[in-house]
Amino acid sequence: MKKVLILGGDGFCGWPSALHLSKNGYDVAIVDNLVRRKTDIELECGSLTPIQSMSRRLSKWQELTGQKIAFHYFDVAENYHRLLTLIAEYKPDSIVHFAEQRAAPYSMKSSWHKRYTVSNNLNATNNLLAAVVESGVNSHIVHLGTTGVYGYGTVQQVIPEGYLSVYTKGQNGDLEEHEILYPAAPGSIYHMTKTQDALCFYYYNKNDKIRITDLHQGVVWGTETEETRMDEALINRFDYDGDYGTVLNRFLMQAAIGHPLTVYGTGGQTRAFIHIQNTVQCVKLAIESPPKHGDKVQIFNQVTETHKVRELAQLVANKSGAEIRFFDNPRTEDAENELIVRNDKFLSLGLNPIHLKDGLLAEVTNIAKKYQHRCDTKSIICTSVWDAKKAVDYTGKKTAEGLQQTYQDSPTGDFTEMA
């Protein structure tokens, strides 16, 4: 039986991935310091869905399937020797790395949050790589990255999967072709750590021949997978707050409780998306398609479709009758951008994409309506900002009403014209 160690296995993507792999015959072990649960206390906003303790989750899984998932409680970014010992003793065939602070808004809340995100994410990644080298275990590392490493500006080409061919003139004037990592353009401290992860992977792969697959994932929507739906004790996280809630899930929750949909800026930001069920399938496909020893870092774009934020808002509004409101954008980013990314590799491996048009919005809407009584409306509006001027503006406005803005005087006009 193949062994898989999942770092960050209690999280939004880590937990359903652990169940999916266990169900498909893998010996799974989880490492987590439960920091995401502690952050709920800090932010005074928990998951919309009721998350059970790890012991309750794991015992229910074993009761339903007969499969045991081991749990190790420690911090990958701080407890290097515990990680090293675990890898040396467990000898995992693959290690899936989810153990990073994953929210861009949270990474921008304050200087403490910036420093925490950098310290946690970079130390976790480097500790993992160093431990694999020191242990001598030939584990294949699968890392969950982000399409945000490419940036969200408009480029006049389809974004490739990780690498870009460039040409330089040699001393004799002839053109020489080189393949480089696609130029990074992070839009937050969180995204910056993911671009630095890529350099860590490049170095350890080149120097120590570690086999690595880096998954550049889009924004995840949905909350449940086939496995988490088996029992309420297995239910996955549903974050809706301004720091951790992903945009489509936030819209669906807002529609469920009758709150106006929160579109920041013009809503012209284009993002890549993927359903959580496809996420766990992609992790499994990546594990089963490792690079060979000596191959360069393997990079997959883990996305299934792209949409503008205002288009998503209109889609949800059409289905639910929800009102759409615009708010000042807390981020420093282009008001409008286009984004086209390749996803040939996962499609060639057999991924069957789940699209928004396939009616699975109802699945998430049902979750949002079922647990709407757990929503704290004070946590809906994003208050994390990207620079000092925006911080001053937000402090002065204070209320959600104060953050609302209109675009009648802008080149794009009001929402109807923009859509």
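Modeller: This is a predicted model, and the protein has 15 helices and 14 strands.

Colleague: What makes the radius of gyration of the protein agree with that of a compact globule?

Modeller: A compact globule of 419 residues would have a radius near 22 Å, and the protein has 21 Å, so the two agree. The C-alpha trace spans about 70 × 60 × 40 Å along its principal axes. Buried residues make up 56% of the 419 residues.

Colleague: Why does Asn205 count as buried?

Modeller: Buried means under 20% relative accessible area. Asn205 has 8% relative accessibility, and therefore counts as buried. Its place is in helix H7, residues 189-208. Asn205 touches Ile210, Ile212, Asp295, Lys296 and Val297, leaving aside residues up to four places away in sequence.

Colleague: What makes the pair of Asn205 and the backbone oxygen of Ile210 a polar contact?

Modeller: The cut-off for such a pair of N or O atoms is within 3.5 Å. A polar atom of the Asn205 side chain lies 3.0 Å from the backbone oxygen of Ile210, so the distance meets the cut-off.

Colleague: Which residues of H10 are buried, and how do you know that they are on the same side?

Modeller: Val309, Arg310, Leu312, Ala313, Val316 and Ala317 are buried in H10. They cover an arc of only 155° around the axis, which puts them on the same side of the helix. Asn318 and Lys319, on the other side of H10, are exposed.

Colleague: What comes just after H10?

Modeller: Gly321, which takes a positive phi of about 80°.

Technical notes. Residues are numbered from 1 along each chain as its sequence is written. Side-chain values use heavy atoms; hydrogens and water are left out. Buried means under 20% relative accessible area, exposed over 50%, partly exposed in between (1.4 Å probe, protein chains only). Helices (H or I, at least four residues) and strands (E, at least two) are DSSP runs, numbered from the N terminus. The arc is that of the directions from the helix axis to the C-beta atoms. A polar contact is a pair of N or O atoms within 3.5 Å; within protein, one must be able to donate a hydrogen and the other to accept it, and residues adjacent in sequence count only if both atoms are side-chain atoms. Contact means heavy atoms within 4.5 Å. The radius of gyration is taken over C-alpha atoms; the globule rule is 2.2 Å times the number of residues to the power 0.38.
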